[in-house]
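The structure comes first, and the findings follow.

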Amino acid sequence: TEASAAFFTWTGLGGNSQWKNPANWSPNTGFPQELDTASVPFGAVVTAFDATANQLANAGTVVYSGYHGDGGGLFLQGTVSNSGLIRPDSGAFHFAYVRGGTAATLTGGGTLAITSPNALAVQNASVTGTPAVLTNSDNAIRGSGSIDGLAPAGVAKGRIINNSLIVADRPGETLFVSGAVTNNGVLRAQSGGIYQIYVNGPLIG
């Protein structure tokens with residue numbers, strides 16, 4: 001039988017901040033997975049290692065941790081209603097992903113932060129695959145590191161549609177943006193940050 005979608009609300013009663021600890025969610029019979037909706041309330045801090053949900057509503061802080069090399073990362077898809085903060089864990093190699101063949105839309109007016117050498121990866125995994133699409137409706141994507149339309153050589157890179165703000169704002173550090181970029185909003189550097197854009201595909205706007 002096909003699995004059905006469930007709605008999970010973060011309670012933080014599991015004694016740690018780990019997404020994959022069922023005791024941190026209500027109902028506490030599991031944790032959000034690819035078909036499910038996850039709700040993180042204001043004030044909560046969640047560590048997302050190998051974490052995904054079909055829809056994410058975040059009013060707290062979601063900390064993405066790990067990357068494909070260690071089986072970790074936060075996988076974004078569907079509507080990501082972020083009125084809080086999504087940020088990388090401390091240290092290096094923490095990624096948030098939009099998988100090839102999927103799309104994610106950032107809403108809610110919050111912040112998605114990146115710090116070098118961490119990344120927001122908008123993927124296309126194969127020659128026959130469909131590139132991922134990330135649409136930033138109204139969030140501030142800010143920091144340093146990379147927003148990367150990851151793809152093998154010769155393959156169409158992921159698509160990034162910015163309708164709001166992407167800003168390099170960490171002094172002396174660079175924010176790299178690559179892929180097929182449509183900019184209907186603002187791309188800028190401030191506070192001593194350095195902004196560079198590498199486009200493998202069309203730059204529109």
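The largest cavity holds about 30 Å³ of space. In this predicted model, local features need pLDDT of at least 70 and side-chain atom pairs count only at pLDDT 80 or more, while totals for chains, interfaces and linings use all residues. Residues are numbered from 1 along each chain as its sequence is written, and side-chain values use heavy atoms, without hydrogens and water.

A cavity is a set of points, on a 1 Å grid over the protein atoms alone, where a 1.4 Å probe fits but cannot get out; lining residues have an atom within 4 Å of a point. Volume is the space filled by probe spheres set on the points, which are joined across faces, edges and corners. The structure has 1 cavity of 30 Å³ or more. Trp19, Thr52, Ala53, Leu56, Leu74, Phe75, Leu76, Gln77 and Val80 line the largest cavity. Its lining comprises 7 nonpolar residues, 2 polar and no charged.

Two loop residues are described next. Thr29 sits in the loop between strand E2 (25–26) and strand E3 (37–40), and Gly158 in the loop between strand E17 (145–148) and strand E18 (159–162); strands are DSSP runs of at least two residues, numbered from the N terminus. Thr29 counts as exposed because its relative accessibility is 70%, and Gly158 counts as buried because its value is 0% (buried is under 20% relative accessible area, exposed over 50%, with a 1.4 Å probe and protein chains only).

| Pair | Apart in sequence | C-alpha to C-alpha |
|---|---|---|
| Thr29 and Phe8 | 21 residues | 9.7 Å |
| Gly158 and Val181 | 23 residues | 8.7 Å |

Terms used
Helices (H or I, at least four residues) and strands (E, at least two) are DSSP runs, numbered from the N terminus. On a 1 Å grid over the protein atoms alone, a cavity is a set of points where a 1.4 Å probe fits but cannot get out, and a pocket is an open set with protein on both sides within 12 Å along at least five of seven lines; lining residues have an atom within 4 Å of a point. Ala, Val, Leu, Ile, Met, Phe, Trp, Tyr, Cys and Pro count as nonpolar, Asp, Glu, Lys and Arg as charged, and the others, Gly among them, as polar.
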